[in-house]
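Try each task before reading its solution.

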Amino acid sequence: MWYFSDEHRILQESVRQFAIQELTPRIEKLDHEEGFNRDAFFKMGELGLLGITVSEEEGGAGMGAVSATIAMEEMGAADASTTLSYLAHSILCVNQIAKNGTADQKKQFLPKLISGEWIGGMGMSEPDAGSDALGMKTKAIRQDHHYLLNGSKSWITNGPIGDVFYCYARTGEERTDISTFLVQRGTPGFSTGKKFSKMGMRASPTGELVFANCSLPEGQRVGQEGKSIKMMMQNLDLERITISGISLGIARSSIEVATRYAKERMAFGKPIGAFQQIQERLTEASAWYEACRSLTYQAAQMWDLGLMQDREASMMAAKAKLQSAQMATQVALDAIQILGGYGYTREFPVERYMRDAKLIEIGAGTNEILRIIIARQMLGTDVAG
Ligand SMILES: Cc1cc2nc3c(=O)[nH]c(=O)nc-3n(C[C@H](O)[C@H](O)[C@H](O)COP(=O)(O)OP(=O)(O)OC[C@H]3O[C@@H](n4cnc5c(N)ncnc54)[C@H](O)[C@@H]3O)c2cc1C
């Protein structure tokens, strides 16, 4: 992008090399077996990627949303699954602890999360509360200087393998009485329930978190009791901008594979790229990808420069993710069509790209919820509800 700084370009090149060397060679097998590239996290730690948005004084790389989105795009182009796990770790857990945690909490959790010794995740969604996140039922009841947590979280990225979870729970009767707790694997009363088998993002383990009379000291509450909604919503905006980078990476790889194939595959005595219907798919894909790339990095740049107020940030993040996610699914589907029979097989990665791309139309806010956010900002809540 024209406004990438030298620092951004150096990051882009180093993450691209990391992805080629450490992610690409392993993803086909991991995708097939629903495994997890644990080694990659240690390497990301060495490269300074795990605390990418954390200040240098706190042990991070001191970068922002543009850099995080670059990392997502470069890794996402090779292996969207590991990138999704990286996003849950670095943006949903590490960034939140650095932004909202106390000095003690940062000291306790950040060093091992930033080195890759621990893996982090975030627990908001529940079996009966996904889009309606404030309808969560997990309760934290205060008992002197402790809280007793009961309930469960569902579809949690890194749930089956994570060490630390940034979790939300209800601490009052109002829908908005939501508090945040840091929960470590091994805490009595806390377990990671079942692991889900999925159509895509198969090398990103997804599972449940279960709280059964789980007692947590008051010191593991993040922020004020009952005042977590703003922190939660702001992080959702950052998640939506940065996860769009994964969609961009998937689309870029889909276009690269399809373009190469269109030049090489012969039919009726010509490369199939000579046919106008193939050209139409390729050109539309390329133009839509570039449009989404501009929109996503603009949102990231505006975030870093602090140019957006709360609602505007939410609308920009929603627009970037709504378009990028739909674009990546369609572009991956078009790549499958261009590759014909081969596209439908595991001989080429485009079928994986399509399975992975679809998740981003659901996770971090479905397309439908993002349209509601945009409509409310355009029409006002009186009209759009
Ligand atoms: C692989 C994966 C990883 C995930 N990782 C995490 C994680 O790390 N942490 C976490 O907390 N959550 C995570 N999630 C959960 C994810 O955020 C939710 O699945 C998502 O928010 C949708 O919620 P839901 O599945 O309950 O769908 P529902 O809310 O039940 O929605 C079902 C359908 O109804 C539509 N719908 C709902 N409300 C409306 C409305 N008002 N108007 C129009 N349509 C509506 C939805 O758009 C959707 O199409 C993950 C999910 C997946 C699949």
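This is a predicted model: local features need pLDDT of at least 70, side-chain atom pairs count only at pLDDT 80 or more; totals for chains, interfaces and linings use all residues.

**Exercise 1.** Describe how domain 1 and domain 3 touch each other.

*Solution.* Next, look at the contact itself: domain 1 gives 23 residues and domain 3 gives 23 residues. On the domain 1 side, the elements that supply two or more residues are α3 (65-76) and α4 (80-100). Finally, sort that side of domain 1 by class, and you find 12 nonpolar, eight polar and three charged residues.

**Exercise 2.** Are α4 and α5 roughly parallel or antiparallel to each other?

*Solution.* Two packed helices are described by the angle between their axes and the distance between the axes. For α4 and helix α5 (residues 103-115), the axes come within 10 Å and cross at roughly 150 degrees. Angles over 145 degrees count as roughly antiparallel, so α4 and α5 are roughly antiparallel to each other. Their crossing is left-handed. To see the contact, pick out C93, V94, I97 and A98 in α4, then Q105, K106, F109, L110, L113 and I114 in α5. These contact residues divide into eight nonpolar, one polar and one charged.

**Exercise 3.** Work out how α7 and α8 pack, and which residues meet there.

*Solution.* Take helix α7 (residues 276-305) and helix α8 (residues 310-344): their axes are 9 Å apart, at an angle of about 155 degrees. The pair α7 and α8 is therefore roughly antiparallel. In passing α8, α7 makes a left-handed crossing. Among the α7 residues in the contact are W288, Y289, C292 and W303, and those they meet in α8 include M316, K319, M327 and D334. By class, the contact of α7 with α8 has 16 nonpolar, four polar and three charged residues.

**Exercise 4.** Which residues come nearest to the ligand?

*Solution.* There are 22 residues around the ligand, and the nearest are M124, G130, S131, T366 and E368. Now turn to the elements: those giving two or more residues to this shell are β1 (120-123), β3 (146-157) and α10 (367-379). At the level of domains, domain 2 and domain 3 each contribute at least three residues to the shell. Last, sort the shell by class to get 11 nonpolar, nine polar and two charged residues.

Technical notes: Residues are numbered from 1 along each chain as its sequence is written. A residue is near a molecule or strand if its C-beta atom, placed from the backbone, lies within 6 Å of it. Helices (H or I, at least four residues) and strands (E, at least two) are DSSP runs, numbered from the N terminus. Ala, Val, Leu, Ile, Met, Phe, Trp, Tyr, Cys and Pro count as nonpolar, Asp, Glu, Lys and Arg as charged, and the others, Gly among them, as polar. Domain bounds come from an automatic or database domain assignment. Axes are lines fitted to C-alpha atoms, for helices over the stretch in contact, and angles run from 0 to 180 degrees between N-to-C directions. Angles under 35 degrees count as roughly parallel, over 145 as roughly antiparallel, 65 to 115 as roughly perpendicular and the rest as oblique. A crossing is left-handed if the near helix is turned anticlockwise from the far one by less than a right angle, and right-handed if clockwise. Two residues are in contact if their C-beta atoms, placed from the backbone, lie within 7 Å.
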